[in-house]
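Welcome to this structure. Here are some notes to read alongside the view, point by point.

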Amino acid sequence: MADCKGRIRPFLGQVEKPQRYLGDEFNQVKKDWGAVKCRFLFGFPDVYEVGMSHLGMHILYEAVNRRPDMLMERCFSPWKDMESVMTREGIPLYGLESGEPAEAFDCVGFTLQHEMSYTNVLQMLKLARIPYWAEERGEDAPLVIAGGPCAANAEPMAPFLDAIVAGEGEELLPALLEVVAAHNAKGPGRGGRVSLLRDLAAMPGVYVPSMKGQKVRKARLGSIEGAAYPLAPLVPYIEVVHDRMMLEILRGCTRGCRFCQAGMIYRPVRERSKDTLMKQARAIKESTGHREISLTSLSSSDHTCIGDIVREISAEFAGERISISLPSLRANHFSVDLANEIRKVRKTGFTFAPEAGSQRMRDAINKGVEEEALLSTVMKAVSAGWRQIKLYFMIGLPGETMEDVDAIAGLCEKVVRSGNQAIRAAGGKGGLRVSCSVSNFVPKAQTPFQWIGQAGQEELKAKQARLKELMKSRHISYSYHDAFTSMLEAVFARGGRELAPLLAAAANRGCRFDSWTEELRRDVWQSVFAEAGLDMEALAVKTYDLDAALPWDHLDHGVSKGYLRREYEKSLRGETTGDCRYAGCTGCGACAAEADAYDTWAGGRDIETDGRDTETGAAGRQPGKGGNVLFGEAVDQ
């Protein structure tokens with residue numbers, strides 16, 4: 001066996017954070033290579049600290065390694081200093097557990113969390129000595145797969161991948177590895193690469209880009225209650241982004257924000273019971289020693305038993321000073337009550353996401369946040385002792401005017417005034433501080449806004465400058481996202497395979513860690529697009545006709561194209577759609593048993609918002625409980 005970790009050790013003094021490359025963490029699983037039938041290497045295309053905070057990786061680590069006939073190891077994008085060492089010394093990418101080179105594994109899989117990670121995937125393939133292009137890999141090359149939220153439209157990456165996994169990985173990934181193991185058992189040549197890919201293409205939720213005419217429907221678990229979950233997760237030796245216990249309390253969200261890809265592709269909502277969560281919390285506490293529990297999901301306060309869960313965890317662990325965090329709260333009084341329970345151990349801040357400043361725009365995007373409710377919640381929170389509020393907004397939303405942008409600053413000012421009024425009424429001192437973070441709208445596949453182009457660069461920059469001009473209060477801090485990065489993201493979010501050569505060219509010229517503003521090589525990206533004869537901004541702002549064939553039409557993530565179209569049309573009229581758990585079935589198709597139950601493909605029968613077929617009058621299915629975590633998808637937002 002090779003020992004790449006042994007080869008790397010003499011150079012660890014030359015790099016930042018050498019612990020990134022050593023493995024051997026507490027709760028690591030290390031298996032005998034000769035005792036397993038299939039060896040899988042999970043690649044996270046970012047640095048160790050980011051990847052080790054990814055709940056999806058820990059879930060898959062448990063799901064695969066609980067099988068005695070399989071193993072899963074990990075690798076991460078080396079930082080620039082270590083990449084230079086590995087390239088200079090001829091040390092390939094390797095699994096942290098065994099030190100074996102990536103090319104020795106049967107399968108290498110990447111999670112595609114966002115489009116700006118694509119060049120890191122190519123960096124890792126290069127370091128692994130695996131050809132970029134799937135068609136150039138020989139019979140003995142590892143199978144290269146990927147999953148994650150970008151599986152909603154992975155076409156720009158498709159030529160680099162042997163297979164793409166669309167669905168939940170706890171059962172789907174081990175099933176895929178079983179197929180790989182069966183081909184391994186056939187002896188030299190592994191039964192033929194084409195034969196293996198053909199067998200994979202027959203699996204629900206597996207897309208093989210080299211197979212023409214394939215239509216793929218995501219795989220999903222009927223329930224997450226008994227699904228594989230890491231009760232003894234890896235404990236890193238260095239500080240990572242989310243250094244805490246993570247309890248995934250539910251999957252999915254049915255609020256229906258029209259810009260939100262996660263809210264569409266992770267349906268339907270499914271919950272874990274309070275009893276299961278308490279058992280998991282006790283086990284993880286004993287196996288890790290962490291001092292914080294994060295109740296993670298897309299919308300944690302929407303769990304039907306969230307109040308009981310928070311109170312019971314608080315009561316059980318209060319004596320040990322273990323705190324609780326909720327990464328996503330709604331702007332209502334119940335959220336304040338939850339936060340009051342949480343702050344018994346640790347003082348927390350409040351974070352809300354109105355997304356738009358005006359009610360007109362919030363209705364258009366179906367956000368479901370009323371200004372009065374937000375201000376009332378702020379006043380209650382401030383009266384209870386909070387002095388910091390963080391607000392998230394977007395600019396460049398479809399139909400947005402400069403008056404809507406002005407309303408963002410106006411709403412922040414109203415929050416400050418309401419908060420200070422509450423402080424004075426309570427006889428307190430000081431003032432409320434508001435942090436306003438503004439991102440740029442990026443249209444995403446599988447959402448009601450998938451047809452709409454992004455706002456142009458000049459428009460985004462003008463709106464950013466406008467907000468900077470208006471945010472004069474010393475009580476408000478203002479930050480915004482880089483417009484050029486958002487443009488690149490928009491290009492690859494809705495692009496096709498024609499973009500793959502550009503990714504390869506950019507990676508070959510040193511582009512990586514593109515989501516890190518200080519690392520983004522704008523000049524390289526501009527030259528790559530110019531040499532290909534493509535206008536980057538024109539691709540980002542492109543609007544598709546509603547009847548146009550989209551690059552991702554063959555990928556069905558459960559929500560029908562007809563539903564997405566109806567939601568887009570409602571946005572133009574400023575009409576809202578209720579949450580199906582409270583307002584009745586909206587006919588999105590996520591709970592349908594068959595692929596064609598709700599006009600999954602364009603041209604199918606229309607379903608009205610009560611879920612009733614307008615041709616037959618048959619009642620639509622009622623919503624289930626839960627959502628979808630695609631292969632390797634982080635749920636802690």
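Predicted model: local features only at pLDDT ≥ 70, side-chain atom pairs only at ≥ 80, totals over all residues.

1. To find the pairing on screen, look for F393, which stands opposite V438 in β15. A second pair to look for is K390, whose bridge partner in β15 is S435.

2. On to the next strand pair. β13 and β14 also run parallel, with four bridges joining them. Here F352 stands opposite L391 in β14. Between β14 and β15 the chain passes through α14, and this β-α-β crossover is right-handed.

3. Now step back to the whole sheet. Four strands make up this open sheet, in the order β13-β14-β15-β16, and their pairing is parallel. At the edges are β13 (350-355) and β16 (476-480), each of which pairs on one side only. From one strand to the next, the twist averages 20°. Helix α14 (residues 402-425) packs on this sheet and touches β13, β14, β15 and β16. The direction of α14 makes about 170° with that of β14.

4. Helix α13 is worth a look for its sides. This helix covers residues 371-383, which is 13 residues, and spans 18 Å from its first C-alpha to its last, close to the 18 Å expected at 1.5 Å a residue. Which residues of α13 are buried? They are L374, L375, T377, V378, A381 and V382. These residues lie on the same side of α13, because they cover an arc of only 160° around the axis. Just after the helix, G385 takes a positive phi of about 120°.

5. There is another sheet to explore. This one is open and has three strands in the order β8-β11-β12, again with parallel pairing. β8 and β12 stand at the edges with a single partner strand each, so one side of each has no neighbour in the sheet. Ignoring direction, neighbouring strands of this sheet are turned by 25° against each other on average.

6. Strand β11 (residues 292-296) deserves a point of its own. Are its residues buried or exposed? Five of its five residues are buried, so the strand counts as mostly covered. E292, S294 and T296 point one way from β11, while I293 and L295 point the other way. As a general rule, side chains in a regular strand alternate between the two faces of the sheet. In β11 the residues pointing either way are all buried.

7. Next, the partners of β11. Strand β8 (residues 245-248) runs parallel to β11 and is joined to it by four bridges. I293 stands opposite I324 in β12, and S294 has S325 as its bridge partner in β12. The chain crosses from β11 through α10 to β12, in a β-α-β crossover that is right-handed.

8. That brings us to α10 itself. Helix α10 (residues 306-317) has twelve residues and reaches 16 Å from its first C-alpha to its last, close to the 16 Å expected at 1.5 Å a residue. Its buried residues are I306, G307, I309, V310, I313, S314 and F317. Why are they placed on the same side of α10? The reason is that they cover an arc of only 165° around the axis.

9. Helix α9 (residues 274-288) is the other helix to view with this sheet. α9 lies across β8 and β11, and runs at about 160° to β8.

10. Finally, please look at H290, in the loop between α9 and β11. With a relative accessible area of 12%, H290 counts as buried, because the cut-off is under 20%. Leaving aside residues up to four places away in sequence, H290 touches V235, D243, R244, M245 and I322. H290 and M246 are 44 residues apart in sequence, and their C-alpha atoms are 9.9 Å apart in space.

Note on methods:
Residues numbered from 1 in each chain as written. Heavy atoms only, no water. Helix = DSSP H or I, 4+ residues; strand = E, 2+ residues; numbered from the N terminus. Expected span 1.5 Å × (residues − 1). Buried < 20%, exposed > 50% of the residue type's maximum accessible area, 1.4 Å probe, protein only. Arc of directions from axis to C-beta. Pairing = 2+ DSSP bridges. Axes fitted to C-alpha atoms, helices over the stretch in contact; angles between N-to-C directions. Contact = heavy atoms within 4.5 Å. Right-handed = clockwise from strand over helix to strand, strands pointing away.
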